[in-house]
Amino acid sequence: MSHKATETIRLHGRAIHRGKARGLALVSPAAVGFLGGVDPETGVVIEPGHPLQGECIAGRVLVFPTGKGSTVGSYTLYRLAKRGVAPAAIVNARSEAIVAVGAIISGIPMVDKIDIARISTGDLVAVEGEEVCIG
Amino acid sequence: MRLTKVERAMLAGAEGPAVQKAMQIVVALAEIYDAATLVPVASAQIAGVSYKNLGDAGLEFLQEWAAQGARVRVPAFLNPAGMDLERWREMGVSPEFARQQKRVVQAFATMGVALTCTCTPYLVGFAPQMGEHLAWSESSAVSFANSILGARSNREGGPSALAAAITGRTAAYGLHVPENRQATHLVEVHCGVCSESDFGAMGYLVGLQVGDGVPYFRFLAAGGLPSLSEQEHWMALGAAMAASGAVALYHVEGVTPEAQSGLLPAQSLPLVDIGSLAPAYAALNSPLEEIDFVSLGCPHSTLADVERAATLLEGKRVKATLWVTTSRRVRAMAEERGWVAKIEAAGGKVFADTCLVVAPMEEMGFKAMATNSAKAAFYAPAHSQLQRRFGTTQECIEAAIRGYWRGMV
């Protein structure tokens with residue numbers, strides 16, 4: 001469900017990697033692991049049984065509670081960025097090392113300490129510094 | 001968070017983009033883990049070396065960082081690669097894999113990382129001093145450095161250990177902070193724990209129960225305390241606890257350095273009671289009879305381990321494929337003493353730079369493994385698609401000779 005165009009919600013978090021990006025939100029209620037979880041060539045979520053399975057994360061503001069899996073997953077994010085199929089930005093409730101390192105080496109703006117329940121898939125979301133604007 | 005002037009300059013790009021990126025990683029991790037400062041590290045041990053795990057994504061990143069001018073500023077050394085860098089053909093590694101693996105290693109070499117390719121850097125000239133801060137990443141090496149040598153390291157990820165090597169610093173959180181080094185669980189051991197496989201079996205059980213805690217062992221069975229100098233036992237214990245759990249530090253009453261310096265546990269710690277190792281042996285043994293692959297050397301074999309294997313194999317001939325995996329330096333020392341020749345005359349192989357946890361085992365067609373390593377036994381079904389038997393070094397070598405696990409022929 002999208003918010004009305006007239007109302008803009010501003011959420012304040014912590015910048016893990018500062019930057020500016022806009023895109024449609026893709027929200028996962030479950031943790032995301034990139035190594036083996038996302039196809040590095042296409043950006044499609046391939047983890048069996050994952051709530052986002054089959055969705056493409058390319059160009060989206062990817063919103064999820066936290067990362068999981070192998071530390072090599074940082075490099076998967078880098079490869080997604082090289083192929084032009086990385087998320088436009090990453091918003092986490094609580095970030096962890098794998099996704100944070102991946103965002104930094106890939107130049108993907110990333111913010112955490114955000115109440116991600118406020119964001120719905122399909123919302124237009126802008127990330128700038130430590131701020132997340134919805135609508 | 002407080003950064004020094006030098007650290008702020010690195011973050012601002014004063015030392016170029018490669019150092020800036022490394023400092024961004026170190027600072028972001030400090031933010032995430034609520035570190036108040038960074039701490040200089042004496043050395044870095046870098047995992048994420050095998051092409052099996054890195055893939056082309058990791059290779060591309062390492063090549064680009066190296067080309068950008070990334071260079072390590074403290075002693076830094078590699079974890080095992082996916083193959084013996086010289087004898088990969090004898091392992092059955094494909095030329096395609098070997099080509100990409102060599103590129104990975106070359107990228108690290110360009111950055112100034114020593115090509116030790118071992119999980120036991122403390123055996124080959126990189127032993128830390130008591131109290132030194134480190135950025136090590138291989139879980140069994142971190143456990144040994146913290147617990148047995150009294151150094152201070154969190155379990156870094158591969159990229160973060162490399163960032164620490166490039167900046168010379170890591171975030172001061174977790175096990176860098178003295179109060180976090182105190183025990184969280186009391187482990188009372190009531191049974192005999194004798195061989196390296198026994199220590200691994202015990203580690204498997206304790207890791208399952210304590211997760212990422214800090215266990216404090218009390219050995220209460222007759223026979224007294226284990227000796228700190230039996231390093232193979234501690235290597236096996238730490239490796240297993242870091243596999244079934246995420247233990248990066250443990251204490252042993254009357255044995256390990258920090259258990260002797262007053263970090264005694266509070267009375268109210270949760271108790272883990274070890275009365276028998278049988279549940280671990282049951283969990284880590286698949287019901288196999290025929291064995292086609294025997295792996296010794298996880299963690300990498302010590303010189304004494306190689307000697308033992310050579311003695312047990314003298315004048316014998318193996319039916320199964322037998323690998324002893326170790327560091328290149330230990331292999332060279334064993335070769336000088338004639339032990340490599342004894343093992344290889346019996347049909348076994350002593351490979352350097354690699355181990356079965358990071359080699360592309362799934363390409364090699366083995367079905368049934370025997371190992372003396374609880375860590376290897378824990379990972380084999382998922383990482384290497386191998387069923388396995390787990391027992392003592394002697395049982396494993398007998399299985400290699402017979403092609404069957406004990407009692408079957």
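Predicted model: local features only at pLDDT ≥ 70, side-chain atom pairs only at ≥ 80, totals over all residues.

Reader: Got it. How do strand 13 and strand 14 of chain B pair, parallel or antiparallel?
Author: They pair in the parallel sense, over 4 bridges. Strand 13 of chain B covers residues 368–371, and strand 14 of chain B covers residues 387–390.

Reader: And which helix makes a β-α-β unit with those two strands?
Author: Helix 14 of chain B, residues 374–383. Together with strand 13 and strand 14 of chain B, helix 14 makes a right-handed β-α-β unit.

Reader: OK, zooming out. What domains does chain B have?
Author: The domain assignment gives domain 1 (5–178), domain 2 (182–282) and domain 3 (285–402).

Reader: How many residues do domain 1 and domain 2 of chain B put into their contact?
Author: Domain 1 of chain B gives 13 residues and domain 2 of chain B gives 15 residues. On the domain 1 side, that's 5 nonpolar, 7 polar and 1 charged. The centres of the two domains, taken over C-alpha atoms, are 28 Å apart.

Reader: Let's look at sheets. What is the strand order in the open sheet of 3 strands in chain B?
Author: The order is 3-2-4, with parallel pairing.

Reader: Why is one side of strand 3 and of strand 4 of chain B left without a neighbour in the sheet?
Author: Because strand 3 (76–78) and strand 4 (134–136) of chain B stand at the edges, and each has a single partner strand. On average, neighbouring strands of this sheet are turned by 10 degrees against each other, ignoring direction.

Reader: How many bridges join strand 2 to strand 3 of chain B?
Author: There are 3 bridges, and the two strands run parallel. One pair of bridge partners is B:A44 and B:A76, the latter in strand 3 of chain B.

Reader: Which helix packs on that sheet?
Author: Helix 7 of chain B, residues 158–167. Helix 7 touches strand 2, strand 3 and strand 4 of chain B, and its direction makes about 150 degrees with that of strand 2 of chain B.

Reader: Now the sheet of 4 strands in chain B. What's the order there?
Author: 8-7-6-9, an open sheet with parallel pairing. The edges are strand 8 (251–252) and strand 9 (271–274) of chain B, each pairing on one side only.

Reader: And what joins strand 6 to strand 9 of chain B?
Author: 4 bridges, with the strands running parallel. B:L186 stands opposite B:L271, which is in strand 9 of chain B.

Reader: Which strands does helix 8 of chain B lie across?
Author: Helix 8 (residues 196–210) lies across strand 6, strand 7 (215–219) and strand 9 of chain B. Helix 8 runs at about 155 degrees to strand 9 of chain B.

Reader: Switching to helices: how do helix 1 and helix 2 of chain B cross, left-handed or right-handed?
Author: It's a left-handed crossing. The axes of helix 1 (residues 5–12) and helix 2 (residues 17–32) of chain B come within 7 Å and cross at roughly 115 degrees.

Reader: Who makes the contact?
Author: From helix 1 of chain B, B:E7, B:M10 and B:L11; from helix 2 of chain B, B:V19, B:Q20, B:M23, B:Q24 and B:V27. By class, that contact has 5 nonpolar, 2 polar and 1 charged residues.

Reader: What about chain A? How many residues does the contact take from chain A and chain B?
Author: 21 residues from chain A and 19 residues from chain B. The elements giving two or more residues to chain A's side are strand 2 (14–17), helix 1 (73–82) and helix 2 (97–106) of chain A. That side has 11 nonpolar, 6 polar and 4 charged residues.

Reader: Last one: where is the cis peptide bond that has an omega of about -5 degrees?
Author: Between B:C298 and B:P299. B:P299 lies in strand 10 (residues 293–301) of chain B.

Definitions and conventions: Residues numbered from 1 in each chain as written. Chains lettered and ligands numbered in written order. Domains from an automatic or database assignment. Contact = placed C-beta atoms within 7 Å. Nonpolar A, V, L, I, M, F, W, Y, C, P; charged D, E, K, R; others polar. Axes fitted to C-alpha atoms, helices over the stretch in contact; angles between N-to-C directions. Left-handed = near helix turned anticlockwise from the far one by under 90°. Pairing = 2+ DSSP bridges. Right-handed = clockwise from strand over helix to strand, strands pointing away.
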